[in-house]
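Please open the model in your viewer and keep the selection panel to hand. The tour moves from whole chains to single residues and then to the contact between chains.

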Amino acid sequence: MERKTKINAEDGKQELHITREFDLPLELLFKAYAEPGIVEQWMGTKVVKLESRKHGSYRFETSDAQGNVVFQANGVIHEFIPDRKITRTFEMENAPFGVQLEVFEFERLTDDTSRLNMHVIYESVALRDQLLKLPFAQGINMAHNRIQEIVSKLK
Amino acid sequence: MNLRRDVFQAIADPTRRAILLLVASQSMTAGAIASNFDTARPTVSKHLQILTECELLEQEQNGREIYYHLNPQKIKEIGDFIEPFRKMWDDRFNKLESVMKKYKSDK
């Protein structure tokens, strides 16, 4: 079974699809999105609030080693159907990326495997493309910083 | 964070980007490449080594000389800016999978 994460981002559209097959029963995959303590473990962020129900809301916050807050995001849950579907908004705080609508569909493949289909809709094509390029830009910045760090040690 | 030999690290350096541009038009020896830079020859060799390690450059033996040329397949990977985004999600989902496997075995 191919478990590689697939991204489908068609040119000129303000949406994208992320698909991934898991070597996990459906119930466990869903639990990973529903329980704050578990979300914290794999997302690597503090879950300040997560009300896993219709009209519930959530808030994430990540701090660096010095305790400075480096990432904050929040949203509201529009639909919460256990083991099937979560529809929610997602917004990064203090960032110019707007709000995105996220539809998660959880699918049973076998007793021990499952699939997640994630459909993300952005405010505009430009914003989607900008967010897609973010990890690319960060990767280059990180390499830059790393090289600078090494060079300054050599001096 | 480990210093990894990937294409994105390779192109983060201005000298290495200049080397790629030079070699894009024709295969060149290390000496010919170095003659285009004021940098010391060993520094250029180090850059060539990094570019070769991450497979952006390929070596080709021609008589007693080694020529460097671009690896178009790898260059294409740079153009594929979505790959780091995909990798970010892939890493995140791998983490999810391992957390849940542990969760299951702990029960």
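The stops below each give a selection and then describe what is there.

Before selecting anything, note that this is a predicted model, in which local features need pLDDT of at least 70, side-chain atom pairs count only at pLDDT 80 or more, and totals for chains, interfaces and linings use all residues. Residues are numbered from 1 along each chain as its sequence is written, while chains are lettered from A and ligands numbered from 1 in the order in which they are written.

**Chain A as a whole**

Of its 155 residues, 16% count as buried, a residue being buried if 20 or more other C-beta atoms lie within 10 Å of its own, exposed if 12 or fewer, and partly exposed in between, with C-beta atoms placed from the backbone.

**The sheet**

Next, select the strands of chain A, eight of which form an open antiparallel sheet in the order β1-β2-β8-β7-β6-β5-β4-β3; two strands are taken to pair if DSSP finds at least two bridges between them. At the edges are β1 (6-8) and β3 (46-50) of chain A, each of which pairs on one side only. From one strand to the next, the twist averages 20 degrees, angles running from 0 to 180 degrees between N-to-C directions of axes that are lines fitted to C-alpha atoms, for helices over the stretch in contact.

Within this sheet, select residues 69-81 and 85-92 of chain A, which are the antiparallel strands β5 and β6, joined by six bridges. Here A:N74 stands opposite A:E91 in β6(A).

**A residue in β7**

Now select A:L101, which belongs to strand β7 (residues 99-108) of chain A. Is A:L101 buried or partly exposed? A:L101 counts as partly exposed because it has 16 C-beta neighbours inside 10 Å. Apart from neighbours within four places in sequence, A:L101 is in contact with A:T89 and A:I121, contact meaning that the C-beta atoms of two residues, placed from the backbone, lie within 7 Å.

Select α1(A), which lies across β2, β6, β7 and β8 of chain A and runs at about 160 degrees to β7(A). Its buried residues include A:L26, A:L29, A:F30 and A:A32. These cover an arc of only 150 degrees around the axis, which puts them on the same side of α1(A); the arc is that of the directions from the helix axis to the C-beta atoms. The buried residues of α1(A) pack against β2, α2, β7 and β8 (114-121) of chain A, together with α6 (82-106) of chain B.

**Where the chains touch**

Finally, show chain B, whose secondary structure comes to six helices and three strands. The contact between the chains takes 24 residues from chain A and 22 residues from chain B. On the chain A side, β2 (15-22), α1 (26-34), α2 (36-43) and α3 (125-154) each supply at least two residues, and α3(A) gives the most, with ten residues.

Note on methods
Helix = DSSP H or I, 4+ residues; strand = E, 2+ residues; numbered from the N terminus.
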